[in-house]
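Okay, thanks for coming, everyone. Let me put the structure up and talk you through a couple of spots.

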Amino acid sequence: MVREREILGIYLDESKLDVFCLKRQLGKWSSVELPYTFGDTGRSLAEQVKGVLQAIRPSRRRTICLALPRKNLFLRKLSFPQLEPDEAANAVRMGIGLHIHLKPDEIYHDQWAFKRGDETVVLLAYIPRSFLDPILRVVRETGHARSLGPVSPATLGLDILLRSSAEAHLPCISLGRQGDCWIVSLHGVYGWEGSHTISVSGEEDVSIGLQKLAQYLPFPFSKIATAPVYAVGNSVAANLDPPPKDPCNAIKDLLNICGQEGKVTWGLCAASLGLSSYPAISLQKGLRHKPFRLRIKPYQFVVGAVAAAIILTTGIQGLKLQKRIHSIHKMEQEVGELQERLSPMLNTQKQLEQIENQLKDLGDFKVEKPSELKVLKAIAELTPPETWIKSFNIRKGKLKVTAEGGSAVKTMGNWRQTPLFLEVKLISPVTKDRQQRERFTVEMKLVSGKGEASSGN
């Protein structure tokens, strides 16, 4: 965060809230002890949160982060091998009703898309509004609405905490207890990859549950699932060999953040959500927008640097050119006199250039414009048999197709196989009729014979 000087993390445990506070001084975050005690055990979760927030004066320099237990959250992993991460995330968001077991207006949801090797994976998270709405109402009623930050899984906060240190070993997994279940969180090289629960009954060893879970985990987590690297709370007592390490003891530069207890708690994980300006998942109303600096692509930084260098160079040259203004003005007068004498010849030359340009445009049109027959043939050959075209429109070098029938992802993948089409993308939500046939609209650019996007009508 840029403006905030304090982060208040609240782990929403119905039995007892875990509250943690971080403050930034001299550019570094450190834990501080709250001057309040909260003894609201036995009251509803919303009433407990209300008791915490009523004891604190609202401030715009504070961010309030709400961390969710795994049991209140639904997570799904969806694979889109033929789509880029942005395309896959948009496909899930527009077709959210296809991927959840509740009604879209009954949930808050968010998604995080990433690459795992050559595969695009979307991590979809959603939670019933009936769980969050009472808590969000309390935040507004106590005057802290402007301070509300991420509402995210607690294990995502642990992931952000680990990535705040250069000493953390990634990829890794972490192990922590929430109620009656053990929570296994996956921390990949490039981001958080979700969490899983392990129920242990009686004298059953946690390691047995980890071994069972390892069969379903992707590489490299399947190789380290029996030996967790990091722990949350008292999970060091999970009787594992080798035992998991608490990040506060294993990573030196987290000592200031860990607080007096000297160990990672779920409250600290909640506060750690505020260390990121844009967590991967945040379950709030409406579409989230990335901060401006995250929306800028690397090549845009390069272009900006080049533009700044050009402006600087131009300014220096401008100072030098001021000394030559008088001589340049004199030269312009001489050129004007020559132009008057050469005017008839220049007019003839312009007419010749116009004729040459017209001939060139006619030749380029014949070579570069792809024929409608080729486009129709490509669509007919690549469209799966179970899918048919409802509408077909070519205009200004773009083809817009509305199709119905089989899988939209499969159909778009087939269309990408021809060199005639570029930027094959969805421009409408994917819907289904009563026969479960998908209906969707796709737009793609037509490619000329030279491999460039066509710009003609």
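This is a predicted model: local features need pLDDT of at least 70, side-chain atom pairs count only at pLDDT 80 or more; totals for chains, interfaces and linings use all residues.

Residues are numbered from 1 along each chain as its sequence is written, and side-chain values use heavy atoms, with hydrogens and water left out.

So, helix α3, residues 129-141; helices here are DSSP runs of H or I, at least four residues, and strands are runs of E, at least two, numbered from the N terminus. Its 13 residues reach 18 Å from first C-alpha to last, close to the 18 Å expected at 1.5 Å a residue (that is 1.5 Å times one less than the number of residues).

Which residues of α3 are buried? F131, L132, I135, L136, V138 and V139, with buried meaning under 20% relative accessible area and exposed over 50%, using a 1.4 Å probe on protein chains only. They sit on the same side of α3, because they cover an arc of only 155 degrees around the axis, taken from the directions from the helix axis to the C-beta atoms. On the other side, S130, R140 and E141 are exposed. Just after α3, G143 has a positive phi of about 85 degrees.

Now the largest pocket. Its lining has seven residues from β6, the largest share. α2 (85-94), α4 (154-163) and α10 (292-295) are also among the elements that each supply at least two.
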